[in-house]
Amino acid sequence: MNTTSATEPNIAMVLIARPARLIWLLLRQALWRMPMLIIISLVVFVILRGIPVDPLNMLVPPNASSADIARLSHQLGLDRPVLVQYGYWLLAALHGDFGISIQTGTAVTAMILEALPTTLQLLGAGFAAGLVMGLGSGLLSFHLRGTRFEPAIMTLNGIMIAIPDYLWAIVLIISLGVGLQWLPFVGPIDAALQVRKLTGFTLLDSLLSGNAAAFASVVSHLALPALALGLCVATPIARMLHASLAEVYHEDYIHAARLRGVAEKPLLLRHALRNAALPTIALIGVQASVIIGGTLLIETIFGLPGIGALMLRALGAFDMQTIQALAVVYAITVQIVNLVISWALQRINPRLRSSP
Amino acid sequence: MFERLNAVEPPDMHIIETPFKASNAHPLAALTATPDRAPVLTLESVSVTARTSGADSVVLRDLSLTLAAGKTLGLVGESGAGKSMLGRILSRQLPEGFKVTSGTVDFAGQDLLQVSTEQHRQWLGTRIAFIPQEPMSALNPLMTIGQQMTEHLLRIGVGALECPERAILALEQVRLPRAAAILQQYPYELSGGMCQRVMIAMAFASLPALVISDEATTALDVSSQAHIISLLRGLQEQHGTAVLFVTHDMGLATHACDDVAVLYAGEIMETGPASRLFSAMRHPYTQALRQAIPEMTGPLIRLKPLAGQMPGVESFPDLGGCRFETRCQYAVELCKQRPPILQSLPDGQSVRCSRWAQIDLSAITPDVLGEHTPGQAMSGLQILQIKGLSRTWPGQRSWFGRKPGVEALKPLDLSVAPGEFIGIVGGSGSGKSTLARLIMGLEQPSSGTLILNDQALNFGEKDWRRRISSIQMIFQDARAALNPKRRVGRLLTQAMESHAHLHSERSARAIELAANVGLARSAIERYPTQLSGGQRQRVNIGRSLCDMPQILIADEIVSGLDVSVQAQIMNLLLDLRKEHKFSLLLISHDLAVVRYLCSRVLVLHQGEVVESGDTEQVLSNPRHPYTQALIASVPPTRSDAVWRAATPSDH
């Protein structure tokens, strides 16, 4: 703690230095993540080259001569040392060029940009659904503390926490999709409908083009996959929030606020929730990679043309360029989520903002 | 019962005019100004019953009190006496299983126990306000002071537009400098004293009829304590607020309160005007408390700690007679049979003792108890020499290099002789704990050398072994310092774990140590949580003695304890010294404790030794202004002495 600020507060420090420091902290966070991304890409690169599968076998016809193979190998740069290959790849990647897909012969960057909005849309919807359900049930179970509903909710939560996302997907398809036939579960939109492509995000595009029917269709197609992903996000949040709230309620400031006559509802929402949210938000950061990885299976199950589906296809064809690029995209997504999380934590907790 | 004060003649007036009259705790000063003040709070034979595993236990028995507007009623007693229970009744925050079973609580003409929950909540913060014990943790760490002030002001009905102005006004009223900037700050950016001022500002913002201060100054250092008390008195006089002042510090109660009630095991043992209670006490318990408090002036007398400990709530049903009987030196057979009643005496005091008239408390005089000498050097040797020891924290990194460092401790010289007890005093942030950590080797010094037994002490593995075999540290919070999952026997002999020892050897040593620190042999098999606070501190001390160190470093080891336990621990240290001949570096903010234990004292202020020398000399004739201010901050134990701490200027 800074002792000078404890004894000599001044307005200038409070009004100017604080936001400046926050921006600097975020910038530092972002810069600090760059070498991490490079190391991740190197590891993936080396591993992919180490796997005893020759991508050339997939490319050349079975009757190709060894001279043909050598020529192609040289053309693709595969005959150079791995680290040199990596250097070339990194240089191109920094310019946004992830090479040509062996599988389709098109630019990897274009393929990813095509598929990415679908995945981000799913992730966003899943996270939102998860946050609402998690915070809601956590708060509800805490609000009902002391009654028999509390252990009931927590027991249910304990069971649900053990179910992985792809199982949720199957359960939801069978119950809401096939059984009750409430919601569609195949593809991103009704086959009969078309959305003009503006941003790539179907939700946004259908709204922008004023196509209400398409928007409704996109929402209903997104509902089940988002729910499956959201349930996975929600259960640990609910559990963590419930536990942290119970802990925070023993703190002196809650007691002191109650002695000032603060009613139970503002006490919970204004004083306790923010404090209890800190470990919960940190937990979301830890879980981010699991959830983002989860989109891979969810997209495949629901037939969504996102990067998860792309990845599965690339893995099947051993499309090194695509796998390599997608690994980096996944890593960046996880890093961005973590950046947002640490920003949120700093927004809420003043102590994180000031410590050097 | 306190209305009778009207009839009492003032014994002798010591009214000193200070801006806030903090030193003037005389009840009659306020009374003469407004002759009949209406009672704000009247408790009539209130009892609280707790469901325990056995029979129902009456934890608060037959409590009757009256508190008039503009007056301060002190509730004193040891931990477990039920002092905080009253605040919990008023706030309806009784622990699980506790219930008010009889009596009425009249608050300004309405029965507080009968009003609806919603009505009661409305009163909290508006008509009844609380000042908490731990100011730092009583403020929401994620909200600025301004946000919390605004929330409270809105709740008590201040318009949203007026809030900023009112908040600044409220902070200025509690004499916080740069109030506007403080509103933008978070609690962790303020000191404990500043946080407590914020709490007081909030408490008085609605001009409540009643303020309950539960150990509000216990967590603060003495100079902050004096400031807070003077502030509280000032606001109270300004607004005619009634204050219920819960404290374990009898000296403080004498000077901060008009009337005092002494609680023991859930019963009022004695009440009366604060100015007279401790000079003309009648109850053996009050006397015992008084005898356990070390003095700041006068001859050094060996303290007489109260034997045993207060009965726990579970054993209350078994106490048929007087609850103090088991520890009372005047108890007779009659005391066991029926509980005594609280008798009101014509001079305004009340006493719950059937034998008060027969006991002559004045018979116990200092000469009966015997003289006492603090720990003096046993020889001219120097076991530890400290030369130029200092610690500087590197400055914060900023855009343009580093800010200048913070000097936690400026170069300091000190030598320690065998058997010598040295006190290190100073306010928070004075560097006294840094010094302890440097000597113990928990921190690296920025400069300076330590010479232990004529050999320089460095930072190698061998030096560390030499260090810990000669120097041991006793930590402040025994509850936190003892592993709750280990039995006392193993805790006591923890130092033996670094070498191979026979199991029998270790248990033999545990028995020896337990006997040394006055623990029953059965305690060896217990866990720390099963012990009382005093017993835990004994384990803590015993553990440090295991390897027979030459020097003990004790960081505030008696500050959290009740006076009788404090006296026990202090006597224990002096007795152990005779046997083991160790030296002690006692870090304390309590000057009376230092005076009782230490022959030499070092006064630290902002990392610098401002004064040092023979304890008696420094305390009776302080030269440095800081030492003088520090001594003045201590509320004197004598009720007729004037507490001159309340200076209006801020620290």
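Predicted model: local features only at pLDDT ≥ 70, side-chain atom pairs only at ≥ 80, totals over all residues.
I'll begin with chain B. Chain B is made up of 651 residues, and 55% of those count as buried. Its secondary structure comes to 23 helices and 24 strands. Take the contacts in chain B with a separation of 6 or more: 70% of them join residues 24 or more positions apart. As for the surface, chain B exposes about 26,700 Å². Carbon and sulfur atoms supply 52% of that area.

The largest nonpolar core has 109 residues. Which of them touch the most other members? Those are Met149(B) and Leu210(B). The element that gives the most to this core is helix α7 of chain B, residues 192–205, with 10 residues.

Stay with Leu210(B) for a moment. Setting aside neighbours within four places in sequence, its contacts include Val40(B), Leu41(B), Leu67(B) and Leu90(B). Phe107(B) is also in contact with Leu210(B), as are Arg127(B) and Thr241(B).

There is a second, separate core, of 59 residues. Among its members are Ile284(A), Leu296(A), Leu304(A) and Leu326(A).

That brings me to chain A, and to confidence. Chain A has a mean pLDDT of 81, with 92% of its residues at 70 or more. Where among the elements of chain A is the mean pLDDT lowest? In helix α1 of chain A, residues 3–7, at 40. The highest mean, 91, belongs to helix α11 of chain A, residues 252–259. Residues 1–9 of chain A have pLDDT below 50. In the model, that stretch has 16 contacts beyond near neighbours in sequence.

Notes. Residues numbered from 1 in each chain as written. Chains lettered and ligands numbered in written order. Heavy atoms only, no water. Core = buried A, V, L, I, M, F, W, Y, C linked by side-chain atoms within 4.5 Å. Buried < 20%, exposed > 50% of the residue type's maximum accessible area, 1.4 Å probe, protein only. Helix = DSSP H or I, 4+ residues; strand = E, 2+ residues; numbered from the N terminus. Contact = heavy atoms within 4.5 Å. Areas by Shrake-Rupley, 256 points an atom, 1.4 Å probe, with all protein chains shown as cover. pLDDT = per-residue confidence, 0-100.
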